[in-house]
Amino acid sequence: MNFDLFADETPRRWTETLAPGAVIQRGRAYDDAPALFAALKTVIARAPLRNMISPGGFAMSVAMSNCGRLGWVTDERGYRYTSCDPLNGEAWPAMPEVFFQLAKQAASDAGFADFEPDACLINRYDVGTRMSLHQD
């Protein structure tokens, strides 16, 4: 089920188990959306969204940024996590508390009570962008 981004009604929240250890938490972030968007603006002001270059030399159609202790990057050297933003050489912005708490609580509700988020990859999908099948 897909929720209409512009609907006025609050979506139902429920957890759907896909397999042992794999769940979808539908409607999970809905109540936190205003705080998440405000925090997102702060992060991308410091680490702007960008279309990274794949090891094959192609610009990815999805724009990305990161926050937290580590950030995911790709370039001609491959895919990896780094502690610094390659655009400015500075540490990635700190993970906003609202991101941290959402990830920690969602993981706990999914059965991973000891999870401590340290990285947050931010993807922006514009019309026509796509992400091929992959595994993180």
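Predicted model: local features only at pLDDT ≥ 70, side-chain atom pairs only at ≥ 80, totals over all residues.
Residues are numbered from 1 along each chain as its sequence is written, and side-chain values use heavy atoms, leaving out hydrogens and water.

**Strands β3 and β6**
- Helices (H or I, at least four residues) and strands (E, at least two) are DSSP runs, numbered from the N terminus.
- β3 and β6 pair in the antiparallel sense over 6 bridges; two strands pair if DSSP finds at least two bridges between them.
- Because 6 of the 6 residues of β3 are buried, this strand is largely enclosed by the rest of the structure. Buried means under 20% relative accessible area, exposed over 50%, and partly exposed in between (1.4 Å probe, protein chains only).
- On one side of β3 the buried residues are A63, S65 and C67, and on the other they are M64, N66 and G68.

**Helix α1**
- Residues 33–46 form α1, whose 14 residues reach 20 Å from the first C-alpha to the last, close to the 20 Å expected at 1.5 Å a residue. The expected span is 1.5 Å times one less than the number of residues.
- L36, A39 and V43 are the buried residues of α1. Seen down the helix axis, they fall within an arc of 70 degrees, so they line one face of α1; the arc is that of the directions from the axis to the C-beta atoms.
- The face turned away from this buried side carries the exposed residues P34, F37, K41, T42 and A45.
- The buried residues of α1 pack against β3, α2 and β6, where contact means heavy atoms within 4.5 Å.

**Nonpolar cores**
- The largest nonpolar core has 10 residues, among them L36, A39, V43, C67 and L102. Such a core is a set of buried Ala, Val, Leu, Ile, Met, Phe, Trp, Tyr and Cys residues joined through side-chain atoms within 4.5 Å.
- Two or more residues of this core come from each of α1, α2 and β6.
- A second, separate core of 8 residues includes M52, M60, V62 and V73.

**The loop around A91**
- A91 lies in the loop between β5 (78–82) and α2, and is partly exposed at a relative accessible area of 47%.
- Not counting residues up to four places away in sequence, A91 touches R46, S83 and C84.
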